[in-house]
Structure formats: structure tokens, C-alpha cells
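Welcome! Take a moment to look over the sequence and the structure below, and then we will walk through a few spots together.

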Protein chains: 2
Amino acid sequence: MPYDPSAFPPFAVTVDLVVLTVRKDALYALVVRRGEPPYQGRWALPGGFVRDDEDLESAAGRELTEETGLRSQALEDQDAGAHLEQLATYGAPQRDPRMRVVSVAYLVLAPDLPSPIAGGDARSARWAATDALLEAADGADREAEEQHVPLAFDHGEILRDGVERARSKIEYSSLATAFCPAEFTVGELRRVYEAVWGVALDPRNFHRKVTGTPGFLVPTGGTTTRQGGRPAQLFRAGGATLLNPPMLRPEV
Amino acid sequence: MPYDPSAFPPFAVTVDLVVLTVRKDALYALVVRRGEPPYQGRWALPGGFVRDDEDLESAAGRELTEETGLRSQALEDQDAGAHLEQLATYGAPQRDPRMRVVSVAYLVLAPDLPSPIAGGDARSARWAATDALLEAADGADREAEEQHVPLAFDHGEILRDGVERARSKIEYSSLATAFCPAEFTVGELRRVYEAVWGVALDPRNFHRKVTGTPGFLVPTGGTTTRQGGRPAQLFRAGGATLLNPPMLRPEV
DNA sequence: CCAATAGTGTCTATTAGACATTATATT
DNA sequence: AATATAATGTCTAATAGACACTATTGG
């Protein structure tokens with residue numbers, strides 16, 4: 001096709017973030033309250049327009065920092081910080097009633113933050129259990145109830161895809177450690193798996209499995225009793241990104 | 001953010017296709033020759049602009065039909081036709097020197113086509129071995145050689161991501177059948193795995209594994225000798241999309 | 001006959017999962 | 001002492017992988 005700037009329709013491009021964390025033994029997502037129409041007053045995923053000279057991943061990282069104060073951490077990096085990866089792109093013609101918007105969604109896996117949310121636009125941001133958010137997206141009949149209001153736009157669908165991505169990725173990658181602080185115990189890592197998958201795992205088999213997978217965990221030498229009981233060894237994430245053999249999700 | 005149409009920079013949105021097929025026991029990708037600058041004369045992935053009122057997946061399906069005559073087949077459908085799924089989105093600011101373009105890449109897995117390519121713009125389209133295309137992307141030193149010219153734009157990177165997606169997805173899904181005709185033998189399916197992974201598999205263990213995985217294969221009753229030797233049973237793809245247990249790629 | 005592919009059977013080392021036991025902290 | 005969590009050990013059924021063997025075509 002010949003180059004003709006008038007031959008293509010103009011789009012707005014945004015990034016939306018599915019920021020997940022584990023707290024209170026459940027999976028939580030970051031949502032922000034919308035201040036203007038459409039969907040005024042409803043909860044939505046954080047996000048915003050991609051700037052003129054900005055890479056997509058840079059835009060996602062910038063939005064993340066603006067909303068949470070977290071530093072993003074691309075796939076390559078190993079240091080502390082949240083894991084960030086591209087999730088999928090959503091571009092149905094009427095997904096935003098104002099104009100044609102294509103949104104590139106990014107998935108962020110973050111440890112439970114000490115301060116609730118320390119960002120700029122934090123007044124109207126909160127963590128919400130993904131269970132409740134996704135229930136709302138399904139059962140549209142009882143919206144009147146407490147938290148059972150679906151997310152704005154197609155953000156319910158995006159959140160569902162993000163949760164499913166997280167659930168499957170911790171099977172065959174070491175990403176579950178992204179939900180943990182820099183140093184963590186085997187029990188804490190197990191509680192991450194249990195929260196994300198929504199199942200109970202045998203602590204003894206889990207311990208044998210993760211400590212036996214090469215490159216998954218590296219002992220730091222320290223111990224902690226923050227969970228009560230016998231002191232547990234502290235680990236940090238090892239260099240391995242792909243787990244072989246994978247962690248097996250029960251009865252799938 | 002308040003709604004202000006002048007507040008966001010305009011983007012062009014395109015779809016690019018990674019169309020893969022198995023032929024001659026190797027993985028091949030569809031490429032088209034560029035007629036205009038930039039990268040004039042170079043090979044590129046097929047693709048084009050998303051139209052004003054068009055869904056992203058519809059645009060990908062339309063481009064696929066235009067380029068190959070194939071009917072696309074979204075994830076839900078089970079009938080004959082190529083498998084189509086979203087791969088990833090590429091939006092580096094300078095990836096197209098003419099203007100800011102965000103490209104949503106789609107992955108298509110197609111059976112080996114009887115006629116080479118029966119589409120509109122087929123004059124300058126061909127199947128190319130992915131090995132050669134990706135070698136070119138790596139070793140930029142010997143571009144002078146036969147096919148060792150890298151793909152236009154960032155299409156080498158997109159192709160690499162598509163091949164990697166295909167390699168990993170046939171492990172835990174029944175997608176390998178998308179490379180086969182409607183009816184196929186266990187041996188033909190095994191050659192698909194061998195071509196995509198680039199390994200040799202034990203025919204006897206493979207047979208036991210795939211026929212023992214519930215929902216993977218459904219016998220049609222017919223037989224064929226098109227491969228020579230003893231007649232082989234014909235199968236079609238079963239309803240299962242996720243394989244449990246997964247096929248295991250050797251020595252990864 | 002031989003060569004080629006299809007299909008089934010057998011053996012073994014490994015492993016997932018169930019569960020016992022010991023260790024070390026707090027209350 | 002009672003209780004909680006950590007860590008290691010044992011047993012068994014299931015399985016991946018190696019490989020023997022038979023079946024059925026074409027040349």
C-alpha cells in the first residue's frame with residue numbers, strides 16, 4: 001500500500017495496567033476510581049495515553065510509577081521491583097464511546113506494599129480482591145450489592161485475562177517470587193501459590209519440590225520467625241526464569 | 001485525565017501476521033516482498049492498516065484472507081481453517097521511519113496449502129524457512145548471501161516471538177493439529193512436532209502418548225497409506241484444547 | 001524377499017502425591 | 001506443656017523414556 005497519511009484512520013493508543021499482589025491469602029488488583037464520564041464513579045484499571053515519542057513498555061512503567069510509586073522491572077532484570085510484561089491488546093471499535101482507542105494492557109506482579117499506595121493520583125486508588133471484581137463482571141444481575149459493580153470499559157475482561165496469565169505463568173516460570181519481598185521463606189512462597197491458584201498445597205511436598213528445582217531459590221543464610229513456629233530459612237529468587245520440571249496445579 | 005481530542009498524539013494501527021506452516025519437515029513462514037520504501041525490495045510479514053470501524057482480530061482475518069485465501073478461524077471454532085490468535089504488540093517510536101505506527105501482531109497456524117498462495121497480492125509472496133529468516137536477523141555480517149537478508153522493520157523480532165509462541169504452545173495445547181489437514185495420521189502429527197521443535201521423537205512413545213491423552217484425537221475410522229508402509233488410522237482433532245498431561249519437549 | 005511405517009508390549013528409573021517424623025520457635 | 005510452622009524421610013502408584021516385537025503395506 002502506498003504511503004498516504006490520510007489513508008489510515010487515526011487512533012488513540014493507551015496502556016492499561018493489571019497490577020496484582022497477594023495479601024490476606026488472596027489475589028488483589030489495583031483499581032482507580034474514574035472522575036469523569038464515561039463510567040464516572042466506577043472503578044477502572046490504571047492507565048493512560050502513550051506519549052508521542054514513548055515506547056509502549058516505558059509508558060506502562062511510567063503509569064505504574066505514577067500510580068503506585070513502584071519501579072517497574074522489565075523481564076531481563078533480576079533486582080527487586082515489580083515484574084512487568086505485556087499482556088494483550090484490546091481494540092474493539094466501541095470499547096471507548098468517545099473515540100477509537102486501542103489499549104495495550106500490561107501485567108504487573110508486585111509484592112504486598114508496605115504503605116497502601118504512594119503515588120500521585122492515589123486519593124482514589126485501592127486494592128480490590130480479584131474474586132469480587134470478576135464476580136461483578138459475571139453476574140450483572142445484582143449490581144446493587146456492595147462491591148459488585150463491574151469495572152469500567154472492557155477492564156473486567158482485561159483483568160480476567162491478566163489473572164489467568166498469572167495463574168498459568170507461575171506454573172512453569174519462577175514468577176511467583178515477584179509477589180514476594182526480596183527475601184522470603186518457602187512457606188511464604190507456598191502461600192503465594194495457594195492464593196493465586198485458590199487451592200491448598202501440601203507444605204512438605206511443596207518444600208521438597210521448590211528447593212529441589214535448580215535455580216529457583218537461593219538460600220541467603222538468614223532465618224526468620226515472622227510466621228511463628230520453627231525459624232525458617234530465607235531465600236531469594238534464583239537466576240532461573242523457566243522451571244523444569246514445572247509446578248503442577250492440582251486437578252486442572 | 002479529561003477528555004481532550006488534541007491531548008493525545010495520533011497513531012496509526014496496523015496488524016502484522018506471522019503465518020506458519022509445516023512443509024518439508026521444517027517450519028515455514030509467509031513473507032511478502034515490499035514494493036515501496038522504506039525497505040523496498042526486502043521481505044516483510046504480511047499486514048496492513050486497521051480500518052476505522054474494524055475489530056483488531058477482524059483486521060487480521062481480513063489480511064489473512066487477502067494474502068492467502070485462507071479463512072481465519074478464531075480460538076473458539078473447531079472446524080477446518082487456520083488457527084488465529086493475538087501474539088503481541090510492537091510500538092517502538094522509530095520502528096517505522098515514516099510515522100508513529102503501533103502494530104498488533106497475530107499468529108496463524110495453517111496446514112500446508114495445496115496451491116502455493118492463492119491470494120490477491122500473491123505475486124510477491126512466498127513461504128520461507130523460518131530458520132533462514134531468523135539466521136539473517138542474527139548474523140548481520142553476511143547479508144550478501146542468498147537468503148540472508150533480514151526482514152523489514154522489526155519483523156524479525158516479531159517472527160522470532162511467533163515461532164517461540166508456537167513452540168511452547170504445542171506443548172500444552174492441541175494446537176499442533178492446526179498444522180495438519182482435517183484428517184491426519186499419528187505419524188503426520190509427530191512430524192509436525194519434530195519440525196516445530198527441531199528434534200526427533202520416538203514414534204512408539206509418541207503414539208502411546210497422543211492416543212492416550214483424552215480429547216486430543218478422535219479416530220475417523222478411515223485409514224491411509226499415503227506415507228507408505230502399513231496403513232495408518234486417520235484421526236481428526238478432538239475437542240480438548242488444553243492437554244493434560246502436556247507433551248514434553250526433550251532436553252529443555 | 002526387503003524396506004518402510006504403524007501399532008502394541010515390556011521394563012526401569014524417576015517422580016508426584018500421601019503421609020510419618022523430627023526440629024525449633026512462641027504462648 | 002501445647003501449638004504452630006519448618007524441614008526431612010518413607011512409601012506407593014503413575015509415568016516418561018528406552019527398546020523389543022508384531023502387523024501390513026509397496027517394491
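Let's begin where protein meets DNA: a polar backbone atom of Arg230(A) sits 3.3 Å from a base oxygen of DNA strand C. Keep in mind as you explore that this is a predicted model. From here we look at the rest of the DNA surface, then at a pair of helices, and finally at one threonine.

**Around DNA strand C**

- The elements that each give two or more residues to the surface near DNA strand C are helix 5 of chain A and, from chain B, helix 4 (186-197), helix 5 (203-212) and strand 10 (232-237).
- Which element gives the most to this surface? Helix 5 of chain A does, with four residues.
- There are 22 residues around DNA strand C, and those that come nearest are Arg204(A), Asn205(A), Arg230(A), Arg230(B) and Gln233(B).
- Of the atoms of DNA strand C that come within 4 Å of the protein, 55% belong to sugar and phosphate.
- Arg204(A) places a polar side-chain atom 2.9 Å from a base nitrogen of DNA strand C.

- Helix 4 (residues 186-197) and helix 5 (residues 203-212) of chain A pack with their axes 10 Å apart, at an angle of about 105°.
- Angles of 65 to 115 degrees count as roughly perpendicular, and helix 4 and helix 5 of chain A are therefore roughly perpendicular to each other.
- On the helix 4 side of chain A, the residues in contact are Val186(A), Leu189(A), Arg190(A) and Tyr193(A).
- They meet Pro203(A), Phe206(A), His207(A), Val210(A) and Thr211(A) of helix 5 in chain A.
- The residues of this contact divide into six nonpolar, two polar and one charged.

**A closer look at Thr177(B)**

- Where is Thr177(B)? Thr177(B) lies in the loop between helix 3 (155-172) and helix 4 of chain B.
- Is Thr177(B) buried or exposed? Thr177(B) counts as buried, because its relative accessibility is 12% and the cut-off for buried is under 20%.
- The side chain of Thr177(B) reaches the backbone oxygen of Ser174(B) at 2.8 Å.
- Leaving aside residues up to four places away in sequence, Thr177(B) touches Phe184(B), Leu189(B), Phe216(B), Leu217(B) and Ala237(B).

Methods:
Residues numbered from 1 in each chain as written. Chains lettered and ligands numbered in written order. Predicted model: local features only at pLDDT ≥ 70, side-chain atom pairs only at ≥ 80, totals over all residues. Heavy atoms only, no water. Axes fitted to C-alpha atoms, helices over the stretch in contact; angles between N-to-C directions. Parallel < 35°, antiparallel > 145°, perpendicular 65-115°, else oblique. Contact = heavy atoms within 4.5 Å. Nonpolar A, V, L, I, M, F, W, Y, C, P; charged D, E, K, R; others polar. Near = heavy atom within 4 Å. Polar contact = N/O pair within 3.5 Å; in protein donor to acceptor, adjacent residues only side chain to side chain. Buried < 20%, exposed > 50% of the residue type's maximum accessible area, 1.4 Å probe, protein only.
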